[in-house]
Amino acid sequence: MLSHEESTDLLDSTMNVVSGDLTNATPQSGTGVIDEWLVELRKAENASELTDTLEQIKTELESGQVNTPELSQLFDTLATQTLEFSTRMGSEGDIAPRLEGLSSALRSLAGQMK
């Protein structure tokens with residue numbers, strides 16, 4: 001798995017993408033960070049739901065014809081899964097609160113798409 005510094009860097013990159021200005025974003029803007037997450041989450045034994053949802057989001061973004069309601073639902077699902085995953089991180093460090101923040105940002109993104 002990632003070191004703490006690498007984890008926080010990836011979380012920061014993800015927050016920048018998720019919280020960025022959607023008016024200038026392309027559907028492919030987030031696929032790079034999704035790829036990074038997929039590499040790391042595939043190493044974790046308790047992250048298969050997250051990887052499945054991320055793969056669905058990536059497929060939707062790369063399809064060329066984004067189904068906005070479906071993508072919004074996928075982001076909402078990912079937000080829930082991220083929050084659940086954060087509860088398994090333990091109380092040490094700042095990764096769990098950062099994941100909770102990411103979950104909120106994903107839910108907000110899903111709401112903006114509706």
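Q: What makes L10, L11, S13, T14 and V17 in α1 and V33, E36 and W37 in α2 contact residues?
A: These residues of α1 meet those of α2, where contact means heavy atoms within 4.5 Å. By class, this contact has 5 nonpolar, 2 polar and 1 charged residues; Ala, Val, Leu, Ile, Met, Phe, Trp, Tyr, Cys and Pro count as nonpolar, Asp, Glu, Lys and Arg as charged, and the others, Gly among them, as polar. The model is predicted: local features need pLDDT of at least 70, side-chain atom pairs count only at pLDDT 80 or more, and totals for chains, interfaces and linings use all residues. Residues are numbered from 1 along each chain as its sequence is written, and side-chain values use heavy atoms, with hydrogens and water left out.

Q: Why is α2 called roughly antiparallel to α3?
A: Helix α2 and helix α3 (residues 48-62) pack at an angle of about 155 degrees, with their axes 10 Å apart. Angles over 145 degrees count as roughly antiparallel, under 35 as roughly parallel, 65 to 115 as roughly perpendicular and the rest as oblique; therefore α2 is roughly antiparallel to α3.

Q: Why does S103 count as buried?
A: Buried means under 20% relative accessible area, exposed over 50%, and partly exposed in between (1.4 Å probe, protein chains only). S103 has 4% relative accessibility and therefore counts as buried. This residue is found in helix α5 (residues 95-113). Leaving aside neighbours within four places in sequence, S103 is in contact with A79, T80, T82 and L83.

Conventions:
Helix = DSSP H or I, 4+ residues; strand = E, 2+ residues; numbered from the N terminus. Axes fitted to C-alpha atoms, helices over the stretch in contact; angles between N-to-C directions.
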